[in-house]
Amino acid sequence: MTSALPPRFDITRPEIERVVTAFYAAVRRHPGLGPVFAIHIADWPAHEARVTAFWADSILHERGYDGSPMVAHLGAGNVRPGMFATWLALFDTVLATELRADQAAAWSALAHRIGRSLRAGVVERDTLPGGVPKLR
């Protein structure tokens, strides 16, 4: 499904699919992230299609994604603070390899903004004694 809104930046759905496929190939090889994802994902093509739909919704405004990344990451139970920086660094590497520099920069900025929100909601929502926010 398409939208009347213009894309956030110049990219096509096939380019999004290519990035998602390359990223999850890198995740499966990653010594820290691979095992975390493997616990939860039995069908990689289905997961990649779902994540592609998320990014196509976020970037192209396709409205084909119906999930909640926050709920999914909260429900995982094994997502830790340091994983977001690792995830984003790996994602940035894939973006730089797979896309033009302008596309990679725009998508990276969006991913980092979403990553900050997820990190805050998933791993920084707890507080320490006295109501002090847990930031790390």
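The structure is a predicted model, in which local features need pLDDT of at least 70, side-chain atom pairs count only at pLDDT 80 or more, and totals for chains, interfaces and linings use all residues. Residues are numbered from 1 along each chain as its sequence is written, and side-chain values use heavy atoms, with hydrogens and water left out.

**Aromatic pairs**

- The whole structure holds 11 aromatic pairs (rings of Phe, Tyr and Trp, the last by its six-membered ring, with centres within 6.5 Å; planes under 30 degrees apart are stacked, over 60 edge-to-face, the rest tilted).
- Phe23 and Trp87 form an edge-to-face pair, at 5.1 Å centre to centre and 70° between the planes.
- This pair joins distant parts of the chain, 64 residues apart: Phe23 belongs to helix α1 (residues 13-29) and Trp87 to helix α5 (residues 81-98) (helices are DSSP runs of H or I, at least four residues, numbered from the N terminus).
- Phe23 has 1% relative accessibility and therefore counts as buried (under 20% relative accessible area, with a 1.4 Å probe and protein chains only).
- The ring centres of Trp55 and Trp107 are 5.4 Å apart with planes at 70°, so this pair is edge-to-face.
- Trp55 in helix α3 (residues 44-60) and Trp107 in helix α6 (residues 101-122) are 52 residues apart, and both are buried.

**Cluster and charge**

- One aromatic cluster includes Phe23, Trp55, Trp87 and Trp107, and also Phe37 and Trp44.
- Arg28 lies over the face of Trp44, 4.7 Å from the ring centre (CZ of Arg within 6 Å of the centre and within 35 degrees of the ring normal).

**Helix α2**

- In helix α2 (residues 33-40), the buried residues are Leu33, Gly34, Val36 and Phe37.
- Viewed down the axis of α2, these buried residues fall within an arc of 165°, so they line one face of the helix (the arc is that of the directions from the helix axis to the C-beta atoms).

Notes. Buried < 20%, exposed > 50% of the residue type's maximum accessible area, 1.4 Å probe, protein only. Helix = DSSP H or I, 4+ residues; strand = E, 2+ residues; numbered from the N terminus.
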